[in-house]
Amino acid sequence: MTTSVPAVRDRPFTSLRTFPVAGGAKRCAPTGPTKKARLGVRAGAVDHKLVRMSEQEATPHIVAVIGGATAGAEVAGRLAADGVRVVVFEMNKRPFGKIEDGLPRWHTGLRNKEYETISAKLAKPGVEFVPDTKVGRDIGFAELAREWGFSSVVLANGAWRDRPLPIEGAEQYIGRGLIYQNPFIIWFNHADEESYQGERFEALDDALVIGGGLASIDVAKVLMLLTTSAALRERGIEVDLVELEVRGLPKTLAQHGLEFDDLGLRGCTLFYRRRAEDMPLAEIPEGADEKRREKVMTARKRLLQKAMDKYRFRFEALSAPDALLTSDGRVVGVRMRRTRIEAGRVKLGDETYERRGSCVISSIGSIPDAIPGIEMKGELFAFTDWECGRIEAYPNLFSVGNVVTGKGNIVASRKHATQVFDDAIKSFLGLQQDAHAGEAALDGNGGAAAETAARVHEHLARAPRPAPETVAEIIKRVRARQQQVGYEGELGAWLERVRPKEKPPV
Ligand SMILES: Cc1cc2nc3c(=O)[nH]c(=O)nc-3n(C[C@H](O)[C@H](O)[C@H](O)COP(=O)(O)OP(=O)(O)OC[C@H]3O[C@@H](n4cnc5c(N)ncnc54)[C@H](O)[C@@H]3O)c2cc1C
């Protein structure tokens with residue numbers, strides 16, 4: 001038996017406010033009148049109409065997750081464990097996101113562990129995987145969120161666009177000496193694969209890297225590892241890239257009776273608008289006193305120096321990009337402006353200096369790719385609630401992971417997904433343990449029963465269960481898309497089929 005329920009979009013938007021919890025994190029909670037006042041529940045009274053509703057609307061919720069990597073798989077797995085059906089739309093053939101395309105390929109152990117974790121979560125019963133499907137291109141976002149009939153939509157699409165270099169006209173030099181971090185690392189990770197069809201780059205000596213975050217150190221390392229192994233190859237010495245990363249340049253070269261200076265390489269330079277001690281190589285704990293802060297800052301300087309010694313790249317602090325130097329339509333260097341740090345903020349100074357180099361690689365952060373139908377505010381989605389990534393125009397939307405945190409960190413993405421799931425999505429869908437306890441309300445057990453009924457009602461009111469025919473229609477559409485992209489419904493078999501194959505040696 002089905003109950004006709006209005007579409008989610010017809011429900012008034014219950015805005016979420018945030019409140020601090022132990023540990024400083026903020027949690028989301030519904031705002032508005034108290035539950036009892038809102039529902040008109042008398043203490044001790046059992047509203048049997050509500051109980052009947054909960055019995056009738058037994059169709060499990062069905063949720064769309066956009067992006068199937070660290071954060072998306074985390075949410076999908078947790079929803080499935082709570083009996084919710086989940087449809088994960090993933091733009092790539094493989095659901096590993098930045099683990100595969102961001103994390104440099106020398107992190108073999110971490111990558112494999114993350115591949116396993118993500119695959120296990122997506123393989124859970126109740127999770128439908130729809131690969132090779134970009135929301136916003138293959139399926140309209142507004143249509144998916146408002147018309148398909150999903151109880152909720154979760155954005156877990158990460159940050160796939162490079163933040164543009166803040167130099168006017170810079171974009172015209174992309175491919176002519178200006179390179180962005182994301183395609184560069186994707187190339188580095190996939191260049192040896194037979195099926196790789198993306199952009200191709202050359203790792204040039206004496207490159208100028210603009211950045212300061214962890215990813216920019218990876219860019220500098222990639223350049224140093226590739227230029228060093230190429231220089232060794234010219235001498236007839238083959239080195240394994242992963243081993244070179246583990247041992248570092250000086251030790252590897254010493255094995256062959258060489259020093260870095262013997263290679264005739266200048267090495268790349270990393271420019272940062274702050275100081276070495278400001279680099280996010282170690283985190284300052286919240287509420288740390290001055291002594292603790294100093295300790296972390298010293299550790300940061302030491303870590304950077306260690307990386308520079310091991311991979312032989314150079315570092316220029318307190319420098320912000322001011323202009324590209326060009327010749328014959330190509331980038332040949334940068335003009336940098338000296339900065340100073342005042343009360344933790346970067347201030348531009350009057351002094352500038354120029355550096356020539358083989359190319360400029362911009363690694364100043366990643367931002368979400370716009371999805372038509374979702375309002376942007378500057379570089380980011382126009383979230384009205386930043387804790388849970390909510391947008392007023394889509395009352396059934398939540399966001400998890402990098403798309404909200406902006407932190408390039410696996411643990412941060414997974415933690416955020418878990419927190420949003422626990423704090424907001426579960427409540428929105430009425431998945432708290434006691435929310436399942438509709439039957440308890442029947443025992444006429446005074447206040448507790450009334451309270452349970454009130455909670456059940458609250459959740460039902462906020463996220464109506466889908467009608468079975470709505471779910472059947474969604475699954476029909478999902479099957480059609482899976483068929484279109486050649487996915488036969490078994491994740492393991494699919495991952496085996498689309499596993500990248502190495503190019504045969506020439
Ligand atoms: C160079 C580099 C080095 C890093 N090193 C480390 C490290 O050492 N340690 C660490 O912890 N972290 C590191 N990170 C960061 C870490 O990889 C990410 O923070 C984390 O993997 C993000 O997970 P996520 O699920 O939030 O986002 P992503 O991994 O970005 O997942 C988003 C998913 O959504 C999909 N998607 C995007 N748009 C759409 C759409 N419109 N429709 C359908 N699907 C879509 C993508 O294909 C992707 O699978 C590094 C990142 C980079 C770039």
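In helix 7, Gln 181, Phe 184, Ile 185 and Phe 188 meet Ala 215, Asp 218, Val 219 and Val 222 of helix 8; contact here is C-beta atoms, placed from the backbone, within 7 Å. By class, this contact has six nonpolar, one polar and one charged residues. The model is a predicted one: local features need pLDDT of at least 70, side-chain atom pairs count only at pLDDT 80 or more, and totals for chains, interfaces and linings use all residues. Residues are numbered from 1 along each chain as its sequence is written.

**Helix 7 and helix 8**

- The axes of helix 7 (residues 181-190) and helix 8 (residues 214-234) come within 11 Å and cross at roughly 50°.
- Helix 7 and helix 8 are therefore oblique to each other (angles under 35 degrees count as roughly parallel, over 145 as roughly antiparallel, 65 to 115 as roughly perpendicular and the rest as oblique).
- Their crossing is left-handed, a term for a near helix turned anticlockwise from the far one by less than a right angle.

**The ligand shell**

- Around the ligand there are 37 residues, and the closest are Gly 67, Gly 97, Gly 102, Gly 158 and Gly 401; a residue is near a molecule if its C-beta atom, placed from the backbone, lies within 6 Å of it.
- Two or more shell residues come from each of helix 3 (70-81), helix 4 (97-101), helix 8 and helix 13 (410-429).
- By class, the shell holds 17 nonpolar, 15 polar and five charged residues, with Gly counted as polar.

**Positive phi values**

- Most residues other than glycine have a negative phi.
- Asp 132 has a positive phi, near 60°, and is found in the loop between strand 5 (127-130) and helix 6 (141-146).
- With 18 other C-beta atoms within 10 Å, Asp 132 is partly exposed (20 or more such atoms make a residue buried, 12 or fewer exposed, and anything in between partly exposed).
- Arg 312 also has a positive phi near 60°, and its loop joins helix 11 (290-311) to strand 11 (314-316).
- Arg 312 is buried, as 22 other C-beta atoms lie within 10 Å.

**Met 376**

- Met 376 lies in strand 17 (residues 376-377), where a strand is a DSSP run of E with at least two residues and a helix is one of H or I with at least four.
- Met 376 counts as exposed because it has 12 C-beta neighbours inside 10 Å.
- Beyond its neighbours within four places in sequence, Met 376 is in contact with Ala 370, Phe 381 and Ala 382.

Key
Two residues are in contact if their C-beta atoms, placed from the backbone, lie within 7 Å. Axes are lines fitted to C-alpha atoms, for helices over the stretch in contact, and angles run from 0 to 180 degrees between N-to-C directions.
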